[in-house]
Amino acid sequence: MIKLFAISLLFFPLIASANLVFETTRVDHQAETTDKEYVAVFPFANEGSEPVTIRSIKTSCGCTTPKLDKKTYQPGESGEITATFEFGSRTGHQSKIVTVITDEEKPEVFKLRLSVEIPVIMQMNPRILNWKKGEELSPKEMLITLFDTGVLEVAHPYPKGFEFNILPVEGKENEYRLQFTPTTEEAARSNFMIKFKQGPTVLAQQRGFLVMR
C-alpha cells in the first residue's frame, strides 16, 4: 500500500498555493521627544501562482491604523501595508501587532509587529489621589519629574471641586509638587490633564484623577 501511494503522487502533483511573502514582519524604531506618531512600512510580494486577496487587517490597539492600497495582488505583484501608530500620552517601550489574513484555501495569518521606544520625558506619581469619607480635607500631592527643559501646566479639563498649585521641589530643578485640596465634602470624581511644553509644542501629556468618596 505504501508503494502504491508513493507512485500515485507522481501522477497527481500537489497544487501550488498562492502566498504572500513579507520582506520583514517586524519594525523597530527609536522615537524622538518631539515625535507624535510613527508610520511603519511592511512591503510584501505575491510569490505564488494564483492571485491573493487580503481578507482582513486588524490591529491590537485603536492607536494604530493600518492602510492598504488595494486588496487583491496578482502573481509577482508587490504591495505594502503601512501602520500609523499615534503616541498620545504613551511613553517607554510600545509593541503593536497588525494581523493580516488572506483568502487562500488554507488562509495564511501574518503577525506584523511594530516596536517603538518612546522617550520618557515626564513622570507623574501617583496618578490618582483619594480622599475617604470623613477624612480631613487636607492637601495631597503628586510628584512630577521632568527629563527635559520646558514649561509645566495644568490644562483643560481642569479638576472640578479642587484647588490646585504647582510647587517646585526645593533643590531639584526637574521636580514639581502638584498639590490638590478639596473644596467640598460631597462625593466627587474629577480628572485633569497636565502638559509639558517647549514653546507651543506639547512634548508630553498625562491625565490625573481625583476621587472624593
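Modeller: A disulfide is taken here as a pair of cysteine sulfur atoms within 2.5 Å. Please bear in mind that the model is predicted.

Biologist: How many disulfides does a search of the whole structure find?

Modeller: The search finds one disulfide. Cys61 is joined to Cys63, with an S to S distance of 2.4 Å.

Biologist: Why is that disulfide called right-handed?

Modeller: The torsion about the S-S bond of Cys61 and Cys63 is about 135 degrees, so the disulfide is right-handed.

Biologist: Are Cys61 and Cys63 buried or exposed?

Modeller: Buried means under 20% relative accessible area. Cys61 has 16% and is therefore buried, and Cys63 counts as buried at 9%.

Biologist: Changing topic, what is the strand order in the open sheet of five strands?

Modeller: The order is E2-E9-E8-E4-E6, and the pairing is mixed. Strands E2 (26–30) and E6 (72–73) stand at the edges with a single partner strand each, so one side of each has no neighbour in the sheet.

Biologist: In which sense do E2 and E9 pair?

Modeller: E2 pairs with E9 (residues 109–118) in the parallel sense, over five bridges. His29 stands opposite Val116 in E9.

Biologist: And which residues lie nearest the centre of the second largest pocket?

Modeller: Those are Asp35, Lys36, Gly88, Leu203 and Ala204, out of 16 lining residues. The pocket holds about 210 Å³ of space.

Biologist: Which strand gives the most to the lining of that pocket?

Modeller: Strand E17 (residues 201–212) does, with four residues. The lining of the second largest pocket comprises seven nonpolar, five polar and four charged residues.

Note on methods. Residues numbered from 1 in each chain as written. Predicted model: local features only at pLDDT ≥ 70, side-chain atom pairs only at ≥ 80, totals over all residues. Heavy atoms only, no water. 1 Å grid on protein atoms, 1.4 Å probe; cavity = no way out; pocket = protein on both sides within 12 Å on 5 of 7 lines; lining within 4 Å. Points joined across faces, edges and corners; volume = space filled by probe spheres on them. Helix = DSSP H or I, 4+ residues; strand = E, 2+ residues; numbered from the N terminus. Nonpolar A, V, L, I, M, F, W, Y, C, P; charged D, E, K, R; others polar. Buried < 20%, exposed > 50% of the residue type's maximum accessible area, 1.4 Å probe, protein only. Pairing = 2+ DSSP bridges.
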